[in-house]
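This report describes the architecture of one protein chain for a reader who is new to structural analysis. Please keep the sequence and the model in view while reading.

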Amino acid sequence: MARRILTHHFSLLHVDKVLLNQKWNYKNVISPYIRIYYIDGGEGLISSIDQNLKLEPGFLYIIPSFTLCNLECSKSLSQFFVHCFEDSPSGLSLFHNYRKPLKIKASELVERSIKQLLKINPNRKIYRSDDPQIYENSKFYREYQELNNQQSEGVFMETQGILLQLISQFISHIHLKREHTANIPSVILDAIRYIQINLPSEISVNQLAKRANLQTDYFSRIFLKHTGKRPLEYVQSKRIERAQYLIMTTNKSFGDIAEIIGFQNLPYFLGSSRSLL
């Protein structure tokens, strides 16, 4: 029997239950980590460019990392939330082809699982503010990452199990695989995977087109059609995403990170990076 190995690792950042009001109203939020919400009272809204998801009791929500959205509460909202970083050897997110908020009906285990996550990780609240512009700071991220390093083996494994259980409900959701990857040509999916795995290397449009056995102009047009970005723009955006993750989760210097992700224009990289801190 072939043995399957989990290649994605999830690192807990925050977990808490909060009562929110009209002050929970933030525009253009984009985070380098996954957000998971379970609602047990009140109502709110997650909105993005092409969809609105009502936050309502009994439902579970996920906002994949690097997903641009707005968060709103018109009156009151009782919310459990979990924030976690995602890591994989290839740098390819489980949601790399689906950067949109998702909503599913919560199972009976969800609330108990999140309460257990809270119980075994009691110091993961956002103490300073509920404003992402304040708590999304590399210094604060490293404080919480250090708490992961201090977990016992048992707590670490149980935490991983609960995070995997919560995220797996979205991965198995029918729309994730069937609707949003089936319509993307295999040559474009292959190019996306190649870009993610080879970010440190020099990547050209000609090289990608040759791999796809297509003319350069035609390859660029269909890549733009299915990703919303031209090939080199897409490469640059993925390097910035990887840089954000490394800045927030490691103590590496900007120079080291630029080398790791293949950024040739160091001044541009430094300008982009400092805007995150």
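## A helix across a sheet

Which helix lies across S1, S3, S6, S8 and S9, and at about what angle does it run to S1? Helix H4 (residues 153–171) lies across these strands, and it runs at about 75 degrees to S1. Axes are lines fitted to C-alpha atoms, for helices over the stretch in contact, and angles run from 0 to 180 degrees between N-to-C directions. Contact means heavy atoms within 4.5 Å.

## Basis of the report

The model is predicted: local features need pLDDT of at least 70, side-chain atom pairs count only at pLDDT 80 or more, and totals for chains, interfaces and linings use all residues. Residues are numbered from 1 along each chain as its sequence is written, and side-chain values use heavy atoms, with hydrogens and water left out.

## The chain as a whole

The protein chain has 11 helices and nine strands. Helices (H or I, at least four residues) and strands (E, at least two) are DSSP runs, numbered from the N terminus. Of the 277 residues in the protein chain, 48% are buried; buried means under 20% relative accessible area, exposed over 50%, and partly exposed in between (1.4 Å probe, protein chains only).

Among contacts in the protein chain between residues at least 6 apart in sequence, 76% join residues at least 24 apart. The accessible surface of the protein chain is about 14,600 Å², and 51% of this surface belongs to carbon and sulfur atoms. Accessible areas come from the Shrake-Rupley method with a 1.4 Å probe; for residues, only the protein chains shown count as cover.

## The five-stranded sheet

Five strands form an open sheet in the order S1-S8-S3-S6-S9, with antiparallel pairing. Strand S1 (9–20) and strand S9 (102–105) are the edge strands, each pairing on one side only. From one strand to the next, the twist averages 20 degrees. Two strands pair if DSSP finds at least two bridges between them.

Four bridges join S3 and strand S6 (residues 59–63) in the antiparallel sense. Tyr38 has Leu60 in S6 as its bridge partner. Gly42 also lies in strand S3 and is partly exposed, with a relative accessible area of 37%. Beyond its neighbours within four places in sequence, Gly42 is in contact with Leu55, Glu56, Pro57, Ser76 and Leu77.

## Aromatic pairs

Rings of Phe, Tyr and Trp (its six-membered ring) pair if their centres lie within 6.5 Å; planes under 30 degrees apart count as stacked, over 60 as edge-to-face and the rest as tilted. By this rule there are five aromatic pairs. The pair of Tyr33 and Phe85 is edge-to-face because the ring centres are 5.8 Å apart and the planes stand at 80 degrees. Tyr33 lies in the loop between strand S2 (25–29) and strand S3 (34–42), whereas Phe85 lies in strand S8 (residues 77–87), 52 residues apart. Both Tyr33 and Phe85 are buried.

Phe223 and Tyr234 form another edge-to-face pair, at 5.3 Å centre to centre and 80 degrees between the planes. Phe223 belongs to helix H8 (residues 216–227) and Tyr234 to helix H9 (residues 231–249), so this pair ties together parts that are 11 residues apart in sequence. Phe223 and Tyr234 are buried. Together with Phe219, they form one aromatic cluster.
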